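Below are some notes for a colleague who will be working from these coordinates. They are set out as numbered points, each on one part of the fold.

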Amino acid sequence: MTAFHGSFLRFTDDTGRPQELVLSPDRQRLTIGRSPQADVTLSWDAEVSRLHAAIEYLGAHWTIVDDGLSRNGTFVNGERLVGRRRLVAGDRIRVGTSMMSFHDFSGVVDDATRTSSGSLPTLRSLTDTQRAVLIALCRPYKNNAGFATPASNQQIASELFLSVDAIKTHLRALFGKFGVEDLPQNQKRVKLAALALQSGIVSERDL
């Protein structure tokens with residue numbers, strides 16, 4: 001599977017078996033819904049509308065669209081989708097009670113996602129301080145600020161009234177838990193923030 005290059009959606013069928021739907025630019029629109037005609041049919045999920053949402057290929061990027069088609073809404077990483085949104089590797093999509101994840105191995109950037117996304121920690125496995133450090137690290141990303149950079153050790157230390165050394169220690173533990181400790185130093189913080197937000201451990205509300 002790791003040799004695969006391209007984008008795909010991963011979801012679980014009604015028998016609980018994992019399924020993968022390869023996304024190809026040759027087919028620029030795929031529908032998700034309860035209807036048997038949908039490309040991704042979730043017929044067993046009563047919360048899903050007949051035509052719920054669509055995945056569309058626009059200008060070299062995959063996007064998800066819900067133009068008010070669905071009764072119960074479409075959620076990406078816990079946020080309700082309004083209109084259209086570009087998908088990035090690791091995005092978690094919820095339609096009804098069904099979860100899907102978007103994977104993209106077409107770019108070099110996302111290689112790190114492949115190594116660590118298999119075993120992200122749960123909220124329960126983090127200490128209160130570790131979660132507070134994560135939230136402070138992610139705070140510059142509030143309101144989906146696309147070009148933000150994670151908070152510095154000094155900024156986190158000031159916010160949490162801890163020493164910079166204490167922050168470094170907590171971050172080292174978090175790098176280990178999120179499986180990013182082997183990345184180059186300048187990428188660790190960015191990847192940690194991205195994974196914390198993508199996994200929902202830190203939500204927009206926390207920021």
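1. The model is predicted, and the points that follow should be read with that in mind. They begin with the helices, go on to the nonpolar cores, and end with loop residues.

2. Two packed helices are described by the angle between their axes and the distance between the axes. For helix 3 (residues 153-160) and helix 4 (residues 164-177) the angle is about 110° and the axes are 9 Å apart. Since angles of 65 to 115 degrees count as roughly perpendicular, the two helices are therefore described as roughly perpendicular to each other.

3. The contact between these helices is made on one side by N153, Q154, I156, A157 and L160 of helix 3, and on the other by V164, I167, K168 and L171 of helix 4. Sorted by class, the residues in this contact are 6 nonpolar, 2 polar and 1 charged.

4. N153, which belongs to helix 3, deserves a separate look. With a relative accessible area of 17%, N153 falls under the 20% cut-off and so counts as buried. Its side chain makes a polar contact of 2.7 Å with the side chain of R189. Apart from its neighbours within four places in sequence, N153 is in contact with V164, I167, K168, L171 and R189.

5. In soluble globular proteins, nonpolar side chains tend to be buried together. Here the largest nonpolar core has 26 residues, and those with the most contacts inside it are L134, L174, F178, L192 and V202. At least two residues of this core come from each of helix 2 (128-138), helix 3, helix 4 and helix 5 (185-198), with helix 2 giving the largest share, 6 residues.

6. Which residues does L134 touch, not counting residues up to four places away in sequence? They are L126, L174, F178, L192, A196, I201 and V202, and L174, F178, L192 and V202 are also listed with L134 among the residues that have the most contacts inside the core.

7. Leaving out residues up to four places away in sequence, Q130 touches S125, H170, A173, L174 and K177.

8. Most residues other than glycine have a negative phi, and most peptide bonds are trans. N77, in the loop between strand 7 (74-76) and strand 8 (79-80), has a positive phi, near 50°, and is not a glycine. F161, in the loop between helix 3 and helix 4, likewise has a positive phi of about 55° without being a glycine.

9. Are N77 and F161 buried or exposed? N77 has 16% relative accessibility and therefore counts as buried, whereas F161, with a relative accessible area of 76%, is exposed.

10. The last point concerns D14, which is placed in the loop between strand 1 (7-12) and strand 2 (18-23). Its relative accessibility is 54%, over the 50% cut-off, so D14 counts as exposed. D14 and S98 are 84 residues apart in sequence, while their C-alpha atoms are 9.8 Å apart in space.

How values were computed
Residues are numbered from 1 along each chain as its sequence is written. This is a predicted model: local features need pLDDT of at least 70, side-chain atom pairs count only at pLDDT 80 or more; totals for chains, interfaces and linings use all residues. Side-chain values use heavy atoms; hydrogens and water are left out. Axes are lines fitted to C-alpha atoms, for helices over the stretch in contact, and angles run from 0 to 180 degrees between N-to-C directions. Helices (H or I, at least four residues) and strands (E, at least two) are DSSP runs, numbered from the N terminus. Angles under 35 degrees count as roughly parallel, over 145 as roughly antiparallel, 65 to 115 as roughly perpendicular and the rest as oblique. Contact means heavy atoms within 4.5 Å. Ala, Val, Leu, Ile, Met, Phe, Trp, Tyr, Cys and Pro count as nonpolar, Asp, Glu, Lys and Arg as charged, and the others, Gly among them, as polar. Buried means under 20% relative accessible area, exposed over 50%, partly exposed in between (1.4 Å probe, protein chains only). A nonpolar core is a set of buried Ala, Val, Leu, Ile, Met, Phe, Trp, Tyr and Cys residues joined through side-chain atoms within 4.5 Å. A polar contact is a pair of N or O atoms within 3.5 Å; within protein, one must be able to donate a hydrogen and the other to accept it, and residues adjacent in sequence count only if both atoms are side-chain atoms.
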